[in-house]
Amino acid sequence: MFTRTFFLTVGMLIASNVFMTFAWYAHLKNLHSRPWWIAALFSWGIALFEYLLQVPANRIGFSQLSLPQLKIMQEVITLSVFAPFSIWYMNQPLKLDHLWAGLCLLGAVYFIFRS
């Protein structure tokens with residue numbers, strides 16, 4: 001199951017999520033005093049790079065993974081990118097509930113990939 005295609009898909013989805021996390025949330029820290037439309041334009045500019053990675057990653061991954069597997073993998077990657085971003089970039093506290101939520105995601109991964 002863990003082939004070159006799988007790792008290429010994961011790598012591209014990680015990179016795309018870094019771009020998307022910054023597109024969605026960095027403006028809350030960096031552009032909070034600007035009008036919303038400036039933040040939106042800034043975010044759309046970043047999101048372009050996310051789509052340039054995410055769309056081919058899903059097409060590549062779909063050659064070996066099912067759609068539900070791709071979706072669960074995307075959610076795990078999204079939260080794996082978001083957690084460090086939230087803590088280190090946005091200075092948000094880490095809570096025990098985040099660990100419990102992560103364990104629930106591991107359960108989702110187990111069930112979607114077990115067959």
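Predicted model: local features only at pLDDT ≥ 70, side-chain atom pairs only at ≥ 80, totals over all residues.
Residues are numbered from 1 along each chain as its sequence is written, and side-chain values use heavy atoms, with hydrogens and water left out.

Now the overall picture. The protein chain has 4 helices and 0 strands, and along the sequence the pattern reads α-α-α-α; helices (H or I, at least four residues) and strands (E, at least two) are taken as DSSP runs, numbered from the N terminus. The C-alpha atoms fill a box of roughly 50 × 35 × 20 Å along the principal axes. Of the 115 residues, 30% are buried, a word I use for under 20% relative accessible area, with exposed for over 50% and partly exposed for what lies in between (1.4 Å probe, protein chains only). Of the contacts between residues at least 6 apart in sequence, 86% join residues at least 24 apart, a contact being heavy atoms within 4.5 Å.

Turning to α1, residues 4–30, its 27 residues should span 39 Å at 1.5 Å a residue, and the end C-alpha atoms are 37 Å apart, which agrees; the expected span is 1.5 Å times one less than the number of residues. The buried residues of α1, among them Met-12, Leu-13, Met-20 and His-27, pack against α2 (36–61) and α3 (67–89).

As for α3, this helix has 23 residues and reaches 32 Å from its first C-alpha to its last, close to the 33 Å expected. Its buried residues include Leu-70, Met-73, Ile-77 and Val-81, and what covers the buried residues of α3 includes α1, α2 and α4 (96–113). Just after α3, Asn-91 takes a positive phi of about 55°.

That leaves the aromatic rings. Rings of Phe, Tyr and Trp (its six-membered ring) pair if their centres lie within 6.5 Å, with planes under 30 degrees apart counted as stacked, over 60 as edge-to-face and the rest as tilted, and by this rule the count comes to 11 aromatic pairs. One of them is the edge-to-face pair of Phe-6 and Phe-7, at 5.5 Å centre to centre and 85° between the planes; Phe-6 counts as buried because its relative accessibility is 11%, whereas Phe-7, at 52%, counts as exposed. For Phe-82 and Phe-85, the ring centres are 6.4 Å apart and the planes at 40°, so this pair is tilted. These two are 3 residues apart in helix α3 and are therefore separated by about one helical turn; Phe-82 is partly exposed at 29%, and Phe-85 is buried at 6%.
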